[in-house]
Structure formats: structure tokens, C-alpha cells
Amino acid sequence: MSDVVATNDTEALDSRLEKYRTELTGYCYRMLGSAFEAEDAVQDTMVRAWRSIDSFEGRSSLRSWLYRIATNVCLDSLNAGNRRARPMDLTAATPVAQAQLNARPEITWLEPVPDGRVLPSVADPAETAVSRETVRLAFVAALQHLPPKQRAVLILREVLAWKASEVAELLGSTVASVNSALQRARATLAEHEPTASDTVDPLDEDQKELLERYVAAFEGYDMKALTALLHEDATMSMPPYDLWLRGHDDIVGWMLGVGEVCSGSKLVPTVANGSPAFAQYHPDPDGGYSPWALIVLELSDGKIGEMTFFLDTKRWFPLFGLPERLEA
């Protein structure tokens, strides 16, 4: 299909631009670490594309042109110096006996995202697996350690498989400069290498059983059963609080202490960041269940390695299309 766009055909132009929305949102999410900022960046990209469509002459593909605009939008946003993080990027693990809930502003935190917002449908299972791996919380958190332009280069080259010459054209740079930036980005990423995780698309029978046992243990608040599913050095975090815990004893100590309020909860399955996730609903005194947390799990070697409880449910449940409450 030609990349020369008929500017007088509004419906056709809308359709051409919209077909890139999901992959652009995935790109901007990896750059910015925020689902909402990514969607705003893509909307800004579309508006800029509309306003300047008359200057698009088809010398590059429409896709490349949109990525150039999206990259500039993201770089402008990142010039403010914002770097999204997880609790383990900010503090050391806290022994449960010293645990305190210290909330930090929303802008601090790496945000979860529904797969459907950032992962385009593709026919190749291997490509799907790579895409899911590169929106994992741990991977996106590692990307945040890179300077903005290095981040863009690494995502374009290693995640989206662009050629060095294509990235150089997009950034108005040289191939040598792009290759140098990529080398530096790889070195930095190696220092913050994400933990390995199991492929979960699709879930195999063992993984399905693991998640069923997790739901039964959590809803039954059976700590012995729960810890049997966790790695010895499993972690638990609860943004917007910077507290995080490592290991069975501290996790159980928290859940049987301050976390005891989670007893009696119900879990509803969903998917976030290419990983299994659950919407946690807390029992109401007057009956039914109200939103409490979005729980994102990381699976590795047949067990659970990470549990991230995102507590700002007024933001996350509508984004994930989750019910406002559950009836008794």
C-alpha cells in the first residue's frame, strides 16, 4: 500500500493512523513507564500527524514518520527528568519488624498496563513472546535506567528490530552514533538485568495449576499453602508505598500483621504486562466486595518470584475494564 496519504479523505486518514495506535502505545509505554502518559503521548502524536500531514511526502513510511513524531513527544516528556521506578529501585528490602508505609507521589511509580493496550495482534508466536517479555514490569523498570535517547535506540533496535540506518534517520543521527548508543545502553541494562521469567502465553497446565493454587491459598488466607508456591527469595511490593519485602518470613509476617485486612478477599483473573494478574476485591462490612489491589505476578521455574500489589484501584480497575465491585 502506498504511503502517500490523501489529505482530503478524513475517514481514510483516520483509519491509516489508527492502525498504528496499539504498537505506538507499546513503544511509548516502554519509553515512559506509564500507561496513562503513553496514551497521552500517542494522542499527541496523532494530533501532530494530523496537523502536519500535508508535509508528509512519503519519502519514509507512514509508520516510520509516526514513530519519529512519537519519539520526539516522549523525549520532550522525559526532558523533565522523570524516571518511573519500582520500590526495589528506590530502597533496600525492609525486615517486616521495621516495616512502615511511606507513600510517594504517583509520578514516582512504574505503572501496570493491560496487554491489549500495548501488544498488537501478530501471527508469529515467537514475536508475541518477545513482545510480552519486553513489557514485563522488570524489563520496563530496567529501561528507565537508560538516558532517554539510549532508551529509544535500544527499544527501536532490540525490541522492534529496526535497522541502525532506520534509527539514525529517525533520530537525525548517524549509524555510528546509533551503534555507540546501543552499546552503552546494553552495558547499562546488563547492570540492571531483569530477573528471568517463564513464558506464560499461553499458560501451560502446570502454570494453570499454580495460579489455581495461588487463588485458593490467597482467598483461604492459608499462609502455609501460599509460601509453598513462592520462591524462597520471592518479593512483595505495594506501590504507592516504597516498602518492599523479600522472603517467606517477612511476606508471611506482613500478611498476618498489617496485611491481615486482606483476609476474606476474592480474586478475579486478568493479565497485565504480559504476566498473570488478579483484581483483588476486599470484603465490605455491609456485604459484597470492593476493589483493593491489582496484583501482578512473575512466574519463574514453576513458582512465583514476585507479587506486586498496585493499590490505586481508582486508576487501575477502570483501565483494565474490571468491575467496580463484586456482589456477595
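How many disulfides does a search of the whole structure find? The search finds zero, taking a disulfide to be a pair of cysteine sulfur atoms within 2.5 Å. Before going on, a word on the ground rules: this is a predicted model, where local features need pLDDT of at least 70, side-chain atom pairs count only at pLDDT 80 or more, and totals for chains, interfaces and linings use all residues. Residues are numbered from 1 along each chain as its sequence is written, and side-chain values use heavy atoms, with hydrogens and water left out.

Back to the cysteines. Take Cys28: its closest cysteine sulfur sits in Cys74, 3.6 Å away, and that is too far for a bond. Cys28 is buried, at 0% relative accessibility, and Cys74 is buried as well, with a relative accessible area of 0% (buried means under 20% relative accessible area, with a 1.4 Å probe and protein chains only).

Next, the aromatic rings. The structure holds nine aromatic pairs, meaning rings of Phe, Tyr and Trp (its six-membered ring) whose centres lie within 6.5 Å; planes under 30 degrees apart are stacked, over 60 edge-to-face and the rest tilted. Tyr27 and Tyr67 make a tilted pair, 5.2 Å centre to centre with 55 degrees between the planes. Because Tyr27 lies in helix H2 (residues 21–32) and Tyr67 in helix H4 (residues 62–78), this pair ties together parts that are 40 residues apart in sequence. Helices here are DSSP runs (H or I, at least four residues), as are strands (E, at least two), numbered from the N terminus. Both tyrosines, Tyr27 and Tyr67, are buried. Elsewhere, ring pairs join Tyr214, Phe218, Tyr221, Phe278 and Phe309 into a cluster.

Now look at the loop between helix H14 (248–255) and strand S3 (266–272), where you'll find Ser265. Ser265 is buried, at 1% relative accessibility. A polar atom of the Ser265 side chain lies 2.7 Å from the backbone oxygen of Cys262, and the Ser265 side chain also makes a polar contact with the side chain of Gln280 at 3.0 Å (a pair of N or O atoms within 3.5 Å, where within protein one must be able to donate a hydrogen and the other to accept it, and residues adjacent in sequence count only if both atoms are side-chain atoms).

Notes
Buried < 20%, exposed > 50% of the residue type's maximum accessible area, 1.4 Å probe, protein only.
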